[in-house]
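Please take a moment with the sequence and the three-dimensional picture below before reading on. The paragraphs after them are meant to be read slowly, with the picture kept in view.

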Amino acid sequence: MAYVIDDNCVACGTCQSVCPTGAISEGDKYSIDPDTCISCGSCAEACPNEAIHEG
Ligand code: SF4
Ligand code: SF4
């Protein structure tokens with residue numbers, strides 16, 4: 001299952017910089033492309049706001 005970003009996202013960009021597959025896109029809040037995410041968990045570990053969870 002791909003990881004997902006919830007409403008706690010404050011758009012800091014940390015997750016995007018650690019994602020090895022480029023699955024995370026910028027916006028008002030960041031989002032993860034489920035087809036590109038390999039569920040490595042790096043983004044969830046790096047997020048300062050606990051906004052990323054396993055889908
Ligand atoms: S690291 Fe967390 S708070 Fe920062 S952009 Fe990603 S999901 Fe949002
Ligand atoms: S779980 Fe890994 S591959 Fe999926 S969005 Fe997060 S850092 Fe990228």
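Predicted model: local features only at pLDDT ≥ 70, side-chain atom pairs only at ≥ 80, totals over all residues.

Residues are numbered from 1 along each chain as its sequence is written, chains are lettered from A and ligands numbered from 1 in the order in which they are written, and side-chain values use heavy atoms, with hydrogens and water left out.

The word buried means under 20% relative accessible area, exposed means over 50%, and partly exposed covers what is in between, using a 1.4 Å probe and protein chains only.

Ile-32 belongs to strand S3, where a strand is a DSSP run of type E with at least two residues, a helix is a run of H or I with at least four, and both are numbered from the N terminus. Because its relative accessibility is 12%, Ile-32 counts as buried. Setting aside residues up to four places away in sequence, Ile-32 touches Tyr-3, Val-4, Ile-5, Ala-23, Ile-24, Cys-37, Cys-43 and Ile-52, contact being defined as heavy atoms within 4.5 Å.

Which residues come nearest to ligand 1? Of the 13 residues around ligand 1, the nearest are Cys-9, Cys-12, Gly-13, Cys-15 and Cys-47, where a residue is near a molecule if one of its heavy atoms lies within 4 Å of it. The shell around ligand 1 divides into eleven nonpolar, two polar and no charged residues; in this scheme Ala, Val, Leu, Ile, Met, Phe, Trp, Tyr, Cys and Pro count as nonpolar, Asp, Glu, Lys and Arg as charged, and the others, Gly among them, as polar. Ligand 2 is likewise surrounded by 13 residues, with Cys-19, Cys-37, Cys-40, Gly-41 and Cys-43 the closest, and its shell has nine nonpolar, four polar and no charged residues. Cys-37 is buried because its relative accessible area is 18%, and Cys-43 counts as buried because its value is 7%.

A disulfide is a covalent bond between the sulfur atoms of two cysteines. A search of the whole structure finds zero disulfides, a disulfide being taken as a pair of cysteine sulfur atoms within 2.5 Å.

The loops come next. Ala-11 is in the loop between strand S1 (3-5) and helix H1 (14-18), and it counts as partly exposed because its relative accessibility is 30%. Ala-11 is in contact with Gly-27, Asp-28 and Tyr-30, neighbours within four places in sequence being left aside. Asp-28 is in the loop between strand S2 (24-25) and S3, and because its relative accessible area is 82%, Asp-28 is exposed.

Most residues other than glycine have a negative phi. Ser-39, however, has a positive phi of about 60° although it is not a glycine, and it lies in the loop between strand S3 (31-32) and helix H2 (42-46). Glu-50, too, is a residue other than glycine with a positive phi, near 50°, and its place is in the loop between H2 and S4.

The walk ends at His-53, in strand S4 (residues 52-54), which is partly exposed because its relative accessible area is 37%. The side chains of His-53 and Asp-6 are joined by a polar contact of 2.9 Å, and the side chain of His-53 also reaches the backbone oxygen of Glu-50 at 3.2 Å. A polar contact is a pair of N or O atoms within 3.5 Å; within protein, one must be able to donate a hydrogen and the other to accept it, and residues adjacent in sequence count only if both atoms are side-chain atoms.
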